[in-house]
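My entries follow the model below.

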Amino acid sequence: MKLRAPAKVNLSLRILGRRADGFHDLESLVTPLSLADEVTVDTGIGQGVRVRCDDPSIPQDDSNLAAIAARQFHSHTGIRFDARISIRKRIPSGAGLGGGSSDAAAVLVALDSIFETHLGADGLEKIAAHIGSDVPFFIRRVPAWMRGRGERIEPAALSRKLSLLLLKPPFGVATPWAYKNWKSSTEIPGVDYAPQCWQDLELVNDLERPVFEKYTLLPAMKTWLREQPECHAALMSGSGSTMFAVCEDHAAAEILSARALEHFGSTLWTSVCEAG
Ligand code: C5P
């Protein structure tokens with residue numbers, strides 16, 4: 001069975017506080033993107049669960065979130081199976097785009113369908129929460145408010161589809177590091193972290209504060225993007241390192257992409273995609 005595993009961006013991410021378990025309580029508006037990995041799950045093949053990925057930088061052992069998803073499905077349903085999971089990577093990792101989490105959610109959805117376990121979105125979200133904070137969102141793959149640690153999902157219709165330009169420099173950001181440094185971080189003078197209002201959206205990301213302090217190219221990218229005529233708003237997604245610009249349409253995002261590559265150099269990864 002073959003499934004699309006979409007990327008996400010956080011249109012807003014507010015941290016409400018640190019919890020006793022070390023995680024942080026969040027309120028985040030998240031939307032799936034047209035950019036997606038492709039996940040194929042074949043059961044009854046081989047011995048145990050094997051993950052293969054066309055990107056050699058992704059771990060292909062038991063630590064891959066897709067393999068963890070298969071183990072979690074087994075421990076929640078009691079079903080024993082062998083499986084080969086093949087991932088065609090389109091979503092960069094360490095990017096704040098949720099690629100690994102989306103692959104894991106796709107494995108759960110595929111196994112629920114293959115074994116006709118009829119767990120439904122609610123049941124799969126509960127299993128997903130054991131895999132990672134972002135995984136429950138990718139079960140329904142619709143725009144949604146994420147609350148709690150990320151496990152409380154409330155679908156939220158966006159008033160229109162959004163044309164986005166994604167920009168990722170050649171480095172990634174480790175999510176635990178970003179959260180750990182959130183409280184002690186301070187704002188860089190001259191960088192605008194304030195909520196950006198566009199149509200009915202309020203774009204803001206509390207993780208920009210710690211991440212911008214260490215990765216100073218990112219605030220420079222944000223400031224530059226906001227000066228460009230095609231850009232309605234610019235923000236970091238999740239814990240970075242992807243920055244995104246909201247544009248009027250696909251053509252405007254393509255024009256901005258070409259200018260960004262000229263300005264920041266061709267080591268920048270870019271993607272024009274649709275959100276919502
Ligand atoms: O849940 P996940 O494994 O994706 O989270 C990675 C790390 O990000 C956690 O170990 C934690 O340090 C941090 N995190 C957090 N609060 C959240 C989500 C993630 O502190 N709500």
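Grid points are joined across faces, edges and corners, and a volume is the space filled by probe spheres set on the points.

I noted the ground rules. This is a predicted model, in which local features need pLDDT of at least 70, side-chain atom pairs count only at pLDDT 80 or more, and totals for chains, interfaces and linings use all residues. Residues are numbered from 1 along each chain as its sequence is written, and side-chain values use heavy atoms, with hydrogens and water left out.

**Entry: largest pocket**

I looked up the volume of the largest pocket and got about 1000 Å³. Its lining counts 40 residues, and Ser101, Asp134, Thr175, Pro176 and Ser239 lie nearest the centre. I sorted residues by class: Ala, Val, Leu, Ile, Met, Phe, Trp, Tyr, Cys and Pro are nonpolar, Asp, Glu, Lys and Arg are charged, and the others, Gly among them, are polar. The lining splits into 16 nonpolar, 17 polar and 7 charged residues. Strand S1 (2-18), S2, helix H2 (99-114) and H5 each supply at least two lining residues. Helices (H or I, at least four residues) and strands (E, at least two) are DSSP runs, numbered from the N terminus.

**Entry: ligand**

Where does the ligand sit? I found the ligand in the largest pocket; that call needs more than half of its atoms within 2 Å of the grid points. Strand S2 (24-43) and helix H5 (175-180) are the elements that give two or more residues to the shell around the ligand. H5 has the largest share, 3 residues.

I listed the residues around the ligand: Gly22, Phe23, His24, Leu26, Gly132, Ser133, Arg149, Thr175, Pro176 and Tyr179. Each counts as near if one of its heavy atoms lies within 4 Å. By class the shell has 4 nonpolar, 5 polar and 1 charged residues.

Next I checked polar contacts (N or O pairs within 3.5 Å). A ligand oxygen lies 2.7 Å from a polar side-chain atom of His24. For Ser133, a side-chain N or O atom is 2.5 Å from a ligand oxygen. On its own the ligand has 450 Å² of accessible area, and the protein covers 73% of that. I took the areas from the Shrake-Rupley method with a 1.4 Å probe.

**Entry: second largest pocket**

I read about 260 Å³ for the second largest pocket. Its 15 lining residues include Leu29, Trp145, Asp200, Leu201 and Glu202, which lie nearest the centre. S1, S2 and strand S9 (201-205) give two or more residues each. S9 gives the most, with 4 residues. The classes are 9 nonpolar, 2 polar and 4 charged.

**Entry: cavity**

How many cavities of 30 Å³ or more does the whole structure hold? My search found 1. The largest cavity has a volume of about 40 Å³. I wrote down its lining: Leu158, Ser159, Arg160, Leu162, Trp198, Gln199, Asp200 and Leu201.

**Entry: backbone**

Most residues other than glycine have a negative phi, and most peptide bonds are trans. I found a cis peptide bond between Gly240 and Ser241, with omega about 10 degrees. Ser241 is in the loop between strand S10 (231-236) and strand S11 (243-247). I also logged Glu116, with a positive phi near 50 degrees. Glu116 lies in the loop between H2 and helix H3 (120-129).

Notes. A polar contact is a pair of N or O atoms within 3.5 Å; within protein, one must be able to donate a hydrogen and the other to accept it, and residues adjacent in sequence count only if both atoms are side-chain atoms. On a 1 Å grid over the protein atoms alone, a cavity is a set of points where a 1.4 Å probe fits but cannot get out, and a pocket is an open set with protein on both sides within 12 Å along at least five of seven lines; lining residues have an atom within 4 Å of a point.
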